[in-house]
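Student: I am new to this structure and would like to go through it step by step. Could we look at it together?

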Amino acid sequence: MKRLSTSFYSSTADTASSSREEQDGGREAAGDYGEEAEAAAAAAVLPRSPTDKPPFTLAEIRSAVPPHCFRRSLLRSSAYLLRDLAVAGCLLWLALAGIPALPPALRLAAWPLYWVLQGSVLFGVWVIAHECGHGAFSEHPRLNDALGLLLHSALLAPYFSWKYSHLRHHANTSSLDRDEVYVPCRKADLPWYAERVYGGDDHPGARLALLAVQLTVGWPMYLVFNTWGRAYPRWASHLDPCAPIFAGRRERAGVALSDAGLLAASLALCRVTVARGEGAWWLARVYGAPLLVVNAWLVLVTYLHHTHAALPHYGGAEWDWLRGALATVDRDYGVLGRAFFHNIADTHVAHHLFPAIPHYHAAEATRAIRPVLGEYYRFDPTPFAEAAWREVKECIYVEPDEDGRKAGVFWYSNKF
């Protein structure tokens, strides 16, 4: 399996920067190009990304980023984590002590509100654990992995297993042959029922069913069955140390450790439930439903990062790392992205270029690289719910470039 050079995952140590980028968030990161994209969106068209080899190099992009953006501060990263955990703790206290004291009618409204809020906050914790996997939390690899294992295990995610496959996704983004997740089908490889489900003018029922499956069980299906993942010659699972996803004794040991973390977290949840004299329904309300929201955000955000009719995919020798990394799109989640999601959605292009930049520098880095990327940068301001509904309609399979000018370049289509 081809790996990305470690230089793509390392950072340089320089002076700390101001906190202005977190406050301005993704709207500022979108900048002038966001205004252009808004105009394009109003016309229901976002121009296709160029597929020619870029007139710039990764080194030239990196030189445009202020050096302090590569600085990883343990203190600052910990402050964000502690803030998220404090908010999650307050919400948990309200669920345990506040909601049960409400009148029955108010309880019915309070529980769903708690699930959405708690799930959104915990998705921010998930994002910080994801930064641990990229080495963006601090300059201490062992601390990053220990903390990432703890946080992801608490959210029933296998830390090392996903870290390994996710780094390979970064190393092979938008390659039809080697990318690890959200690998689109070619038309000839669609299942027999695809035309009946997706063919014709519109099938809102099929779209709704697909979204419902993806948002509710898509994440565990990917982990256990590698659904929507890279095709392997035999069964592949993130829970199996011997799965073909992983290579070498070190990775297989990491997968086993991740499985142990999941088992320990599951046992801890059961012990807490029993100690409180509660049952499965209590655990589902307090922990299970917010976890479903975490998983739904994870699937939605990552799906929209890599699914858009304006984004190319590459097959065979046409693929190269830089064009693949640029074949993603920034999106604006409004206050959710700024308050809860640590700008993971509106700085994703920069993240694919420099994964070790911490989230609190990512907006500034995005502003810095936009002039270099020019027309290779994509931003879509479409509200995320509308965007998900559109992409699941328009992005059914990929087909070769229609004019035949670019062999090995594929675009999304929904025509049968």
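This is a predicted model: local features need pLDDT of at least 70, side-chain atom pairs count only at pLDDT 80 or more; totals for chains, interfaces and linings use all residues.

Student: Let us begin with the record. Where does UniProt place the feature "transmembrane region"?

Tutor: The unreviewed UniProt entry places this feature at residues 80-102, 108-129 and 280-304.

Student: Which residues does the annotation "domain: Fatty acid desaturase N-terminal" cover?

Tutor: According to the unreviewed UniProt entry, the annotation covers residues 49-88. In the model, 55% of residues 49-88 is helix and 0% is strand. A distance of 39 Å separates the end C-alpha atoms of the span.

Student: Now to the helices. How do α10 and α15 cross?

Tutor: Helix α10 spans residues 280-306 and helix α15 spans residues 384-394. Their axes come within 11 Å and cross at roughly 65°. The two helices are therefore roughly perpendicular to each other. As for handedness, α10 passes α15 in a left-handed crossing.

Student: Which residues make that contact?

Tutor: From α10 they are Trp297, Leu300, Tyr303 and Leu304. From α15 they are Phe384, Ala387, Ala388, Glu391 and Val392. By class, the contact of α10 with α15 has eight nonpolar residues, no polar ones and one charged residue.

Student: What is the crossing angle between α4 and α6?

Tutor: The axes of α4 (residues 104-134) and α6 (residues 159-171) cross at roughly 70° and come within 10 Å. That makes α4 roughly perpendicular to α6. Here the crossing is right-handed.

Student: How do α3 and α14 cross?

Tutor: Helix α3 (residues 74-98) and helix α14 (residues 359-373) have axes that come within 10 Å and cross at roughly 110°. That makes α3 roughly perpendicular to α14. Arg76, Ser77 and Tyr80 in α3 meet His359, Tyr360 and His361 in α14. The contact of α3 with α14 has two nonpolar, three polar and one charged residues.

Student: Changing topic, what is the strand order in the open sheet?

Tutor: The sheet has three strands in the order β1-β5-β4, and the pairing is antiparallel. Its edge strands are β1 (313-314) and β4 (397-400), each of which pairs on one side only.

Student: How many bridges join β1 to β5?

Tutor: Two bridges join β1 to β5 (residues 409-413), and these strands run antiparallel. Within this region, Tyr314 stands opposite Val409 in β5.

Student: One last item. Where does Val183 lie?

Tutor: Val183 lies in the loop between α6 and α7 (194-198).

Student: Which residues does Val183 touch, leaving aside those up to four places away in sequence?

Tutor: Val183 touches Leu176, Trp228, Gly229 and Arg230.

Methods
Residues are numbered from 1 along each chain as its sequence is written. Side-chain values use heavy atoms; hydrogens and water are left out. Two strands pair if DSSP finds at least two bridges between them. Helices (H or I, at least four residues) and strands (E, at least two) are DSSP runs, numbered from the N terminus. Axes are lines fitted to C-alpha atoms, for helices over the stretch in contact, and angles run from 0 to 180 degrees between N-to-C directions. Angles under 35 degrees count as roughly parallel, over 145 as roughly antiparallel, 65 to 115 as roughly perpendicular and the rest as oblique. A crossing is left-handed if the near helix is turned anticlockwise from the far one by less than a right angle, and right-handed if clockwise. Contact means heavy atoms within 4.5 Å. Ala, Val, Leu, Ile, Met, Phe, Trp, Tyr, Cys and Pro count as nonpolar, Asp, Glu, Lys and Arg as charged, and the others, Gly among them, as polar. UniProt positions are given in the numbering used here, feature names are shortened, and annotations may be inferred rather than shown by experiment.
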